[in-house]
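User: I'm new to this one. Can you walk me through how the helices pack?
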Amino acid sequence: MALWFTLGGHFVELLFRNRIRWRISQSPLVQASARIMCWFVGGSLLYAGALATRLVLTGNRVFPWPWWTGGLLFLGLELVVHGLLQLRRQPSFYDGRG
């Protein structure tokens with residue numbers, strides 16, 4: 001189940017960087033907004049996949065949080081990770097290079 005967010009998160013980021021980024025306006029505001037939306041939608045889908053895997057493996061149908069919490073958690077995690085990249089002077093969301 002952990003692979004949904006680790007490996008899946010990597011693919012969400014690749015989807016944005018390789019496919020979506022180049023098809024929208026290059027305005028920094030549009031780029032940042034699209035990336036945040038991509039993270040939220042991607043995180044929500046990854047959370048749904050993790051819940052489906054949990055259902056298959058355990059048979060437990062009780063879902064502890066609504067669908068959108070996965071999107072918010074994933075979004076927060078990405079912002080923290082990019083903050084750490086910024087501290088290390090690596091390309092990140094915050095400087096527009098990452």
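Analyst: This is a predicted model. One definition to begin: axes are lines fitted to C-alpha atoms, for helices over the stretch in contact, and angles run from 0 to 180 degrees between N-to-C directions.

User: OK. At what angle do α2 and α3 cross?
Analyst: The axes of helix α2 (residues 28-58) and helix α3 (residues 67-87) cross at roughly 130 degrees and come within 7 Å. The two helices are therefore oblique to each other. The crossing of α2 past α3 is right-handed.

User: Which residues of α2 meet α3?
Analyst: On the α2 side they include R35, W39, F40 and Y47, and the α3 residues they meet include W68, L72, F74 and E78. By class, the α2 contact with α3 has 11 nonpolar, six polar and two charged residues.

User: And α1 with α3, what is the angle there?
Analyst: About 75 degrees, with the axes of helix α1 (residues 3-20) and α3 12 Å apart. That is why α1 and α3 count as roughly perpendicular to each other. F5, G9, V12 and E13 of α1 make the contact with F74, E78 and H82 of α3. It has three nonpolar, two polar and two charged residues.

User: Does Q31 count as buried or exposed?
Analyst: Buried, because its relative accessibility is 12% and the cut-off for buried is under 20%.

User: What does the side chain of Q31 reach?
Analyst: The backbone oxygen of R21, at 3.1 Å. Leaving aside neighbours within four places in sequence, Q31 is in contact with F16, R21, I24, S25 and Q26.

Methods:
Residues numbered from 1 in each chain as written. Predicted model: local features only at pLDDT ≥ 70, side-chain atom pairs only at ≥ 80, totals over all residues. Heavy atoms only, no water. Helix = DSSP H or I, 4+ residues; strand = E, 2+ residues; numbered from the N terminus. Parallel < 35°, antiparallel > 145°, perpendicular 65-115°, else oblique. Left-handed = near helix turned anticlockwise from the far one by under 90°. Contact = heavy atoms within 4.5 Å. Nonpolar A, V, L, I, M, F, W, Y, C, P; charged D, E, K, R; others polar. Buried < 20%, exposed > 50% of the residue type's maximum accessible area, 1.4 Å probe, protein only. Polar contact = N/O pair within 3.5 Å; in protein donor to acceptor, adjacent residues only side chain to side chain.
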